[in-house]
Amino acid sequence: MAALIAENFRFLSLFFKSKDVMIFNGLVALGTVGSEELFSVVAFHCPCSPARNYIYGLAAIGVPALALFLIGVIWNNHTWNLVAECHKRGVKNFSAAATFLLFGSIMGRAAVAPVTWSVISLLRGEAYICALSEFVKPSSLDKFPPEYGAEVLARFPCRDVPANLTKFRDEVTRRLRYESQLFGWLLIGIVAVLVFLTKCLKHCCSPLSYRQEAYWAQYRSNEDKLFRRTAEVHSRILAAKNVKHFFGFVALDKEEKELVQEFPVEGVQPSPQWNAITGVYIYRENKGFPLYSRLHKWAKGVEGNGPTPEGHELLFLAS
């Protein structure tokens, strides 16, 4: 049983680590749908009070959407590459098109969860009904008793109304739910059109063929996986050497002993090398040959990266 659970978690982990944007965005959307359903069942309770309904209803839609958007920005590697780029090199080498492309990528990925949250909230209609019930004009309701006003209308979402107003409550609820769902479907349509136009624009403006673009995506994914895996092993071996130097021995398991024996680590990479491979990268070519990443550009010694790693180390020591 434990092995089956571990295998399922491993499967989900692979999915969440996938570089396929459609799969990743789909999983984010599904997770957001589940979170919204849970929020509606557990946490959403309309206050049914004038002036409070509107604030609470909008907060129930907008605040989680804002939080999800910020989380999406934080989790996006491009965000921190941009921060590193601005810190180390500035944005003087960025064209307007490159800047727009980068921000569009960050904002587009981060918008998946908040847009999904907003759409589901609007299709459910509860928050919208809570927010706007008190603003329904009594004159728009046929034969609505004149002695009742916004205070009673604000209680409609909680069904806490006099018996003679039940039919008006149902009419107001139906009207507001229709408006809410209409806005939800319109939002879906607008997002779908924007995604379609963005994909068309991307492929029309791309300097790469479809096959080379697919290869570039595979290269970036493989480079990132190998870099992370190698960095984890390198840091573990370096840590083992330092711990052994301090204590005189290091407690390693069998796998770690094999790693230490197989991959001897002599030192660490100097800061100029880390700076050279960190930051924003947009596709470039050197004498007709593609450079697929900053690491690739550094390995080829292009644009002042130095022909060899030793050159970087000497430069670092000299400075």
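This is a predicted model: local features need pLDDT of at least 70, side-chain atom pairs count only at pLDDT 80 or more; totals for chains, interfaces and linings use all residues.
Residues are numbered from 1 along each chain as its sequence is written, and side-chain values use heavy atoms, with hydrogens and water left out.

**View 1. The disulfide between C46 and C130.** A disulfide is taken here as a pair of cysteine sulfur atoms within 2.5 Å, and by this rule the count comes to 2 disulfides. In the one shown, C46 is joined to C130 with an S to S distance of 2.0 Å. The torsion about this S-S bond is about 80°, so the disulfide is right-handed. C46 lies in the loop between α2 (21-42) and α3 (52-75), while C130 belongs to helix α7 (residues 126-132), so the pair ties together parts that are 84 residues apart in sequence. Helices here are DSSP runs of H or I with at least four residues, numbered from the N terminus. Residues are called buried under 20% relative accessible area, exposed over 50%, and partly exposed in between, using a 1.4 Å probe and protein chains only. On this scale C46 is buried, with a relative accessible area of 16%, and C130 is also buried, with a value of 0%.

**View 2. The disulfide between C48 and C158.** The sulfur atoms of C48 and C158 are 1.7 Å apart, and the torsion about their S-S bond is about 95°, so this disulfide, too, is right-handed. C48 lies in the loop between α2 and α3, and C158 in the loop between α8 (150-153) and α9 (166-205), so the pair ties together parts that are 110 residues apart in sequence. C48 counts as buried at 11% relative accessibility, whereas C158 counts as partly exposed at 37%. When the bonded cysteines of the chain are numbered in sequence order, the pairing is 1-3, 2-4.

View 3. C200 is in no disulfide, and its nearest cysteine sulfur, that of C204, is 6.2 Å away. C200 is partly exposed, with a relative accessible area of 30%, while C204 counts as exposed at 66% relative accessibility.

**View 4. The contact of α3 with α6.** Two packed helices are described by the angle between their axes and the distance between the axes. The axes of α3 and helix α6 (residues 112-124) come within 8 Å and cross at roughly 160°; such axes are lines fitted to C-alpha atoms over the stretch in contact, with angles running from 0 to 180 degrees between N-to-C directions. The two helices α3 and α6 are therefore roughly antiparallel to each other, a term applied to angles over 145 degrees. The contact, meaning heavy atoms within 4.5 Å, is made by A60, I61, P64, A65, L68 and F69 of α3 and by A113, P114, W117, S118, S121 and L122 of α6.

**View 5. W298 in helix α13.** W298 lies in helix α13 (residues 294-300) and is buried, with a relative accessible area of 16%. The C-alpha atoms of W298 and Q273 are separated by 8.1 Å, although these residues are 25 residues apart along the chain.

Note on methods:
Angles under 35 degrees count as roughly parallel, over 145 as roughly antiparallel, 65 to 115 as roughly perpendicular and the rest as oblique.
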